[in-house]
Amino acid sequence: MEQPTFPGRPTSSFPTAPKSSAALRSSGPIVGLDGSIPSQAATPFASSGPVAEFGSSFTPQTTSPFFSSVPAVGPQPANFRELPPPIRPSGPSSPPSYQVQNVGSYQQMQAPRYHPIAQSSVPLGSPPFIGQPRGPLYTGSFQPHSQTPAVSMGPTPQSSSQIIPRNNVPQLSEPSFTATKIPSQPPLHGYSNVPPRPSMPSFQPDPQFHASGPVSQRPMQGFPPAHVPATHASPYYAHQSIVPPPPPIGGPLGYTSRDQLQHPLTGPPLGGVQSLVEEFQSLSVGSVPGSLNPGVDTNLLPRPLNGDEISTKIPEIYPLNCHPRFLRLTTHAIPNSQSLFSRWHLPLGAVVHPLAETPDGEEVPVINFGPVGIVRCRRCRTYINPYVTFTDAGRKWRCNLCSFLNDVPAEYYCALDASGRRSDINQRPELCKGSVEFVASTEYMVRPPMPPLYFFLIDVSVSAVRSGLLEIVAKTIKSCLDDLPGFPRTQIGFITFDNTLHFHNLKSSLTQPQMLVVADLDDIFLPLPDDLLVNLSESRHVVEAFLDSLPVMFQSSVNVESALGPALKASFMVMSQLGGKLLIFQSTLPSLGVGRLRLRGDELRVYGTDKEYTLRLPEDSFYKQMAAEFTKNQIAVDIYAFSEKYTDIASLGSLAKYTGGQVYHYPSFQVAIHHEKLSYELGRNLRRETAWEAVMRIRCGKGVRFTNYHGHFMLRSTDLLALPAVDCDKAFAMQFSLEENLMTTQTVYFQVALLYTSSTGERRIRVHTAAAPVVTDLNEMYNQADTGAIISLLGRIAIENSLSQKLDDARQSIHLKLMKSLKEYRNLFAVQHRLSGRLIYPESLRLLPLYVLALCKSVALRGGYADAPLDDRCAAGYSMMILPVSRMLKLLYPSLFRINENLLKDGKESQEPLIQLPLTALNLDPKGIYILDDGFNFVIWLGRMLPADLVSNILGADLAGVPDLSKVVVFEHDNPISKKLMMILNQLREKNFSSYPSCRLVRQGEQPRELSLFLANLVEDPTAGSTSYVDWILQVHRQSQS
Ligand SMILES: [Zn+2]
């Protein structure tokens, strides 16, 4: 493809990616209608223009209250992206304030200061010239933005959450809560088609798709309506020819049949007493003969020694649902009434991981409907899915979310067989799989799909230079250049800064990059508006030359200042036309210009007061305002923070929080310790497939409404999450509530839709659909609870609460939910069974007390001032807000292994799987060596009486010669023990590709390191005044009885 340069200047050079339909068809496995089908004028799906208005009489979507009140967050639906403001809208040109810095191999260059308007006035293909304004190219869709970023913000991101309070948990538990109507839903916007990227496993069409057989577990499919019992009078059953398959009789769910589930009043389960006994788990909390502990036999305490236990029950019962890796409900049983809901006490919600990595062979199928367009409900915009039903000999389909009867587009028509099923059902993944990805047609498009864009903002003050991280960052970026997604459209650029800003001209015609220094921090301008952002493949040699020289360029610097705020504004100016990812490498507290921050981590006296939470909030609204502007312009921000001193992660992290980004924290960065971790994690960030300029919405059936969302995103309207970039390492949590006092449906459906641009420039919509039964029985809600989803949601809520409350209050509110739920559950059984000496809980929640305890001991929420440095606490909070369920659980309850035997034995025995141990120091043997793995770091604990030769083999030296273990790097030495240790560590790392655990060594009794690195993670022990697991269980039991 002819590929003009694609710099930050406006528009004309948007590379229009090739249309996908032809290429997709040639690639085979993608399923879709034949592109040759003629006009679809008779169908509603051919309507052009922005997506929205099918059936406009049902849901007018043209206005959203959100847009009018909070302009900062997003433009109007049809105007989803605006031209950015002029780079410097104000004022006559002042004398150039840049200077050319003489650095190494850099060319020196004298350049006039470009007037900002001139930048946007450069005609395509013409040399830049000055002074003549030019209008925006996309005049139909893009409106020039007349205000500067700093003043046009309107309400900050915080104010967006006022529309949907994120922390209104009490609201959910109010029986009398009456929800307001669902606001109108602005449409998702889509873009054009390009071929799929061949090396993109999780986005590839399933090559087995055509060959795959029918979904096997559909026993009730095709039951004619007459077979449905008359009691099922709802529209759902009346029109249902494909219903979710029933659970197996006597299945593992605790209820014995679907009828029982839906008609609990028809009598107790078959088997009566036996099944009742198995309804709940219990733990004796009276005195146990032979136990040292007077209360509880610690061996019987439930522990997650097998990691996250994803329920296999739901996929068995609902094979048409998306896999739980994509969506997990806190309980897979929706209460039918407010009064039932009010007795649940735990949050009702979901954890959504839309781009979760899939095992080989389970890739999400890609579907191209071609010119027919994606089949969606006219009324509620639900995407066609396995739970819709076809009627009228196949000419109509009924939406499973809103029951609207839609016409089947002529091109999509297929006759029904004798049982009422479409005869082509097994050739259509959208009708038999819970997760699919649609290729979006041009009608979904308001601008050409953006190219992948990576912009690096690098602090080069003295601490960054001395720590050695510049070299690692430069080398890592260089090593990733071949793998950045989106070749040949990928764009790249750099700004470095200390007390001045350094712009780097990477124009492809240069042999060496040029650096231009701007010292005026109050009046930021771009000295080279055209060549700061370049096409990587064209400027590859200049980019490499830049990265080669970066480590030495500032090596003699003694500059301690950091003008991050002005550098952010400059980055925004460069990126705002296209969007993309902004990666910030920050080594010190921002000290100059707008957004400068002050030291506040040591304000001990604030802890425990009503002001305590303010330390965890951004100090300067500048960062939230910038975040809003970034999101609006499709820019996601990742923060890499390295300082040993306070850098105000609370403020910096808000850039990531509201832009769908991520906070990477390497406190007290040391090259030897952190080199591999930084290199791996930066490499993963750059190489992993990224979904660009995305929006996500989760729809649900009548009677249920999503109210609060938790994670890193910006709410663009009441239910639309703006995600400038999203990837397989980001998960989101959300809460829903009941809209009606009494639900009349038997099933609630959920549908997650993520609309995004792939790195190849294709617009796609990933859709996950799931069904859950509506129940009338509280016990059923508890039995279907998912502890992983609950704790992921509770954790996010608690972290958000810690931004407006004392830590103690945030912890107490989780305690309270746990207590209330167990008390309620106890009331179901305890009285009639006289179980006063036992703690009663449903099997599904057996680990909840432990995880709640662990959550309260996590770095983000533990203790008070002295228990975690403020930056560590805030970084942990930001990190937990995006974690998928399994990583959250592992962080809360890390794996502990004893490895002596694996190190000492030969052959097969050394390969034996590691056995996970309870997290208590009682299990630690002074002759033992243990690994603690929380998914982010390894800590190796060396017992005091560990044989000296074992230690020296691991260290590569005698312990006596190693005075300071904090400086020791674990690497492979030339002996079998060291080699085995490295093998074990690598095996553990292969279980989790999201981050790279670095490895620290700590010796028994080595304080304070042993406590902070290791013992504080043994969550079953009483550390730093916190409760032990045993005491916690006693406390829970006591309170659940009261
Ligand atoms: Zn509908």
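Predicted model: local features only at pLDDT ≥ 70, side-chain atom pairs only at ≥ 80, totals over all residues.
# Zinc site, buried residues and a helix pair

Reader: Which residues are the protein donors of the zinc ion?
Author: Donors are N, O and S atoms within 2.8 Å of the metal (3.2 Å for Na, K and Ca), and a site may look incomplete because water is not among the atoms. Here the SG atoms lie 2.2 to 2.3 Å from the zinc ion, and their residues follow the spacing C-x2-C-x18-C-x2-C. One of these residues, Cys377, is buried with a relative accessible area of 0%. The donor residues are Cys377, Cys380, Cys399 and Cys402.

Reader: What arrangement do the four donor atoms make around the zinc ion?
Author: Four donors count as tetrahedral if all angles lie between 85 and 135 degrees. The donor atoms around this zinc ion subtend angles of 103 to 115°, and the arrangement is therefore tetrahedral.

Reader: Which residues does Leu470 touch, leaving out those up to four places away in sequence?
Author: Leu470 lies in helix α13, residues 469–480, where a helix is a DSSP run of H or I with at least four residues, numbered from the N terminus. Leu470 is buried, with a relative accessible area of 2%, and its C-alpha atom is separated by 7.6 Å from that of Val460, 10 residues apart along the chain. Counting contact as heavy atoms within 4.5 Å, Leu470 touches Ile458, Asp459, Val460, Ala464, Val465, Leu550 and Pro551.

Reader: How many residues of helix α23 are buried?
Author: Helix α23 spans residues 870–880 and is mostly covered. The buried residues include Leu870, Asp871, Arg873 and Cys874, and also Tyr878 and Met880. Of the 11 residues in α23, the number buried is 10.

Reader: Which residues of α29 meet helix α22?
Author: Helix α22 covers residues 848–856, and helix α29 covers residues 1029–1041. From α22, the residues taking part are Pro849, Leu850, Val852 and Leu853. Their partners in α29 are Tyr1029, Trp1032 and Ile1033.

How values were computed
Residues numbered from 1 in each chain as written. Heavy atoms only, no water. Axes fitted to C-alpha atoms, helices over the stretch in contact; angles between N-to-C directions. Helix = DSSP H or I, 4+ residues; strand = E, 2+ residues; numbered from the N terminus. Buried < 20%, exposed > 50% of the residue type's maximum accessible area, 1.4 Å probe, protein only. Tetrahedral: all angles 85-135°; square planar, octahedral: opposite > 155°, others 65-115°.
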